[in-house]
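Here is a friendly walk through one protein model, written for someone who likes to know how each value was defined. Have the viewer open beside the text as you read.

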Amino acid sequence: LRRTVTEYTCLGETHLKKGDRVLISFLAANRDPEQFDRPDDIVLDRTPNHHLGYGTGVHRCIGSFVAKIELRVAFDEILKRYNHFELDLDRPIKWRVGENQGISSLPLILGKPNPQA
């Protein structure tokens with residue numbers, strides 16, 4: 001997420017010279033209102049969804065495809081086993097900071113188990 005400036009440039013109103021270091025916030029990029037309609041809302045079927053959660057280009061996370069499969073399987077299993085789920089708003093969502101940003105704990109309230117599961 002850190003990059004070194006290779007030539008003089010301006011980023012917004014900030015002047016950067018060769019050798020300056022910048023920290024890129026993918027988290028902020030994923031909420032850019034010029035790129036995402038309703039950037040502060042969770043829109044599961046957002047199309048297109050050019051988020052940078054796994055990086056991009058040559059810097060894309062090598063495990064991104066495995067992570068997506070793991071998420072799909074996890075949600076499929078939750079939905080198969082319980083009639084509904086919701087966020088537990090009485091408990092905090094825990095976030096990791098730094099280069100490995102993301103949710104580390106997502107408290108859920110699970111509905112009644114499906115008898116056929």
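## Salt bridges and their surroundings

Lys80 is partly exposed, with a relative accessible area of 46%; here buried means under 20% relative accessible area, exposed over 50%, and partly exposed in between, using a 1.4 Å probe and protein chains only. The areas behind such values come from the Shrake-Rupley method with a 1.4 Å probe, and for residues only the protein chains shown count as cover. Before going further, please note that this is a predicted model, in which local features need pLDDT of at least 70 and side-chain atom pairs count only at pLDDT 80 or more, while totals for chains, interfaces and linings use all residues. Residues are numbered from 1 along each chain as its sequence is written, and side-chain values use heavy atoms, with hydrogens and water left out.

The side chain of Lys80 meets that of Glu77 in a salt bridge, at 2.9 Å from N to O. The term stands for a side-chain nitrogen of Lys or Arg within 4 Å of a carboxyl oxygen of Asp or Glu. Lys80 and Glu77 are separated by about one helical turn, because they are three residues apart in helix α2. Helices (H or I, at least four residues) and strands (E, at least two) are DSSP runs, numbered from the N terminus.

Glu77 has another partner in Arg81, with the closest N and O atoms 3.0 Å apart. Arg81 and Glu77 both belong to helix α2 and are four residues apart, about one turn of the helix.

How many salt bridges does the structure hold? There are six, and the table gives some of them.

| Salt bridge | N to O distance |
|---|---|
| Lys80 and Glu77 | 2.9 Å |
| Arg81 and Glu77 | 3.0 Å |
| Arg38 and Asp41 | 3.1 Å |

## The loop between α1 and α2

Arg38 is found in the loop between α1 and α2. Its salt bridge partner is Asp41. Arg38 is partly exposed, with a relative accessible area of 45%, and Asp41 is partly exposed too, at 40%. The backbone of Arg38 deserves a look: its phi is near 55°, a positive value in a residue other than glycine.

Pro48 also has its place in the loop between α1 and α2. The peptide bond from Thr47 to Pro48 is cis, with omega near -10°. For background, most residues other than glycine have a negative phi, and most peptide bonds are trans.

Asp45 lies in this loop as well. Is Asp45 buried or exposed? With a relative accessible area of 64%, Asp45 is exposed.

## The largest pocket

The largest pocket has a volume of about 2200 Å³. It is lined by 39 residues, and the closest to its centre are Ile42, His51, Tyr54, Leu71 and Ile103. On a 1 Å grid over the protein atoms alone, a pocket is an open set of points where a 1.4 Å probe fits, with protein on both sides within 12 Å along at least five of seven lines; lining residues have an atom within 4 Å of a point. Grid points are joined across faces, edges and corners, and the volume is the space filled by probe spheres set on the points.

Which element gives the most to the lining of the largest pocket? That is α2, with seven residues. By class, the lining has 22 nonpolar, eight polar and nine charged residues. Here Ala, Val, Leu, Ile, Met, Phe, Trp, Tyr, Cys and Pro count as nonpolar, Asp, Glu, Lys and Arg as charged, and the others, Gly among them, as polar.

## Strands and a nonpolar patch

Ile103 lies in strand β7 and is partly exposed, with a relative accessible area of 38%. Together with Leu87, Leu89, Ile93, Trp95 and Leu106, Ile103 makes a nonpolar surface patch of about 600 Å². Patches are made of residues with over 30% relative accessible area and no salt bridge, nonpolar side chains (Val, Leu, Ile, Met, Phe, Trp, Tyr) being joined within 5 Å and like charges within 9 Å.

Phe85 has its place in strand β5 and counts as partly exposed at 29% relative accessibility. The C-alpha atoms of Phe85 and Ile109, 24 residues apart along the chain, are separated by 5.6 Å.
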